[in-house]
Amino acid sequence: MAKRSNKGEMTGKEKAAILLISLGPEYSAQIFKHLSDEEIEELTLEIANMRKVAPNEKEKIMDEFYQICVAQEYISEGGINYAKDVLEKALGSQKAMDIINKLTASLQVKPFDFARKADPSQLLNFIQNEHPQTIALILSYLPAGQSAQILSALPQGKQTEVATRIATMDRTSPEIIKEVESVLEKKLSALVSQDYTSAGGVQSIVDILNSVDRGTEKNIMDTLEMQDADLAEEIRKRMFIFEDIINLDSTSIQRFIREIENNELATALKGATEEVANVIYANMSKRMAEMIKEDMEFMGPVRLRDVEEAQQKIVNIIRKLEESGDIIIARGGGDEIIV
């Protein structure tokens, strides 16, 4: 049987361990990617010390996990009251309140939740003149796509500074969060945090940069290379940019070529380095390579913005193919690929 805490009730850590055991190694490994080293170590020890778990216990914990996930989805759709109404109809008042109560604490400490429903251009008007650290704090709590639109609209000089501050941000006290939220509370309702919350970090800025336009991404990374080469390298290890095509295997290059229109590829190659162009040409038929080169010659001069948009489209296709598992991108940090 699974071990118990002193009170006989399972702790959250024990439930998490049983959940990971139930999900199996493949899915558990995916979950571990989103945890800190300390959390991974604690859960690994918990799993290692876990004795045989009865099928009914596994089923109960899986059911609890599912209900919490469903409740979170309802809350994201229509708020706590909407989730409560739906769960009451499905599970009864007591069960619904049990689930809502488990989520309430974490939901109440989500800063800037009000801003998630605001238009990015509206938010930009309120925060563009704020200190870069203030902007970084707000963007680190917003969805990557929303933050990307705001970051792209900032002056180029401020873009890199904000990106750097997001990447190097760790933990922020409730007092500071409340102070920053007060800047917007006259126009928008604000949530008040009751506890220390984590935000920012390298992965946060990677998610944002993966969503910005090619010009903004290039400006931030080029400037960051000069200001903090180590941080720039850490960010590059976690994201894919157009120049990284040279690191893809032939199968992956051929795969994304099939997804892009010839005219888009020709436009993208107009501003590509010779190394990138040669790698792409080497992975298509001689006839197709000739056609692409003819298209490039025929189109004449092309605006830099059009080239960057075409390159970004290719990058987005590659990222999408990686997400779907159609291609594998070898990244830094020991992520070697075995053929």
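Reader: In which helix is Arg-255 found?
Author: This is a predicted model: local features need pLDDT of at least 70, side-chain atom pairs count only at pLDDT 80 or more, and totals for chains, interfaces and linings use all residues. Residues are numbered from 1 along each chain as its sequence is written, and side-chain values use heavy atoms, leaving out hydrogens and water. Helices (H or I, at least four residues) and strands (E, at least two) are DSSP runs, numbered from the N terminus. Residues 250-257 form the helix that holds Arg-255, namely α14.

Reader: Is Arg-255 buried or exposed?
Author: Buried means under 20% relative accessible area, exposed over 50%, and partly exposed in between (1.4 Å probe, protein chains only). The relative accessibility of Arg-255 is 19%. Arg-255 therefore counts as buried.

Reader: Leaving aside neighbours within four places in sequence, which residues is Arg-255 in contact with?
Author: Contact means heavy atoms within 4.5 Å. With neighbours within four places in sequence set aside, the partners of Arg-255 are Leu-321, Asp-326 and Ile-327.

Reader: How far apart in space are Arg-255 and Ile-317, C-alpha to C-alpha?
Author: Along the sequence, 62 residues separate Arg-255 and Ile-317. In space, their C-alpha atoms are apart by 10.0 Å.

Reader: What does Asp-249 count as, by relative accessibility?
Author: Asp-249 is in the loop between α13 and α14. The C-alpha atom of Asp-249 is 9.7 Å from that of Asn-283, 34 residues away along the chain. The relative accessibility of Asp-249 is 38%, so Asp-249 counts as partly exposed.

Reader: How many residues of α11 are buried?
Author: Helix α11 spans residues 202-209 and is mostly covered. The buried residues are Val-202, Ser-204, Ile-205, Val-206, Ile-208 and Leu-209. Of the 8 residues in α11, the number buried is 6.

Reader: At roughly what angle do the axes of α11 and α13 cross?
Author: Axes are lines fitted to C-alpha atoms, for helices over the stretch in contact, and angles run from 0 to 180 degrees between N-to-C directions. Here the axes of α11 and α13 (residues 229-238) come within 9 Å and cross at roughly 60°.

Reader: How are α7 and α9 oriented to each other?
Author: Helix α7 (residues 132-141) packs on helix α9 (residues 156-167) at about 60°, with the axes 8 Å apart. Angles under 35 degrees count as roughly parallel, over 145 as roughly antiparallel, 65 to 115 as roughly perpendicular and the rest as oblique. α7 and α9 are therefore oblique.

Reader: Leaving aside neighbours within four places in sequence, which residues is Thr-164 in contact with?
Author: Thr-164 lies in helix α9. Thr-164 is buried, at 18% relative accessible area. Beyond four places in sequence, Thr-164 touches Leu-224, Gln-227 and Leu-231.

Reader: Over the ring of which residue does the charged end of Lys-293 sit?
Author: A charge sits over a ring if NZ of Lys or CZ of Arg is within 6 Å of the ring centre and within 35 degrees of the ring normal. For Lys-293, the charged end is 4.6 Å from the centre of the ring of Tyr-281.

Reader: What share of the residues of the chain counts as buried?
Author: The chain has 18 helices and 2 strands. Of its 339 residues, the buried share is 40%.
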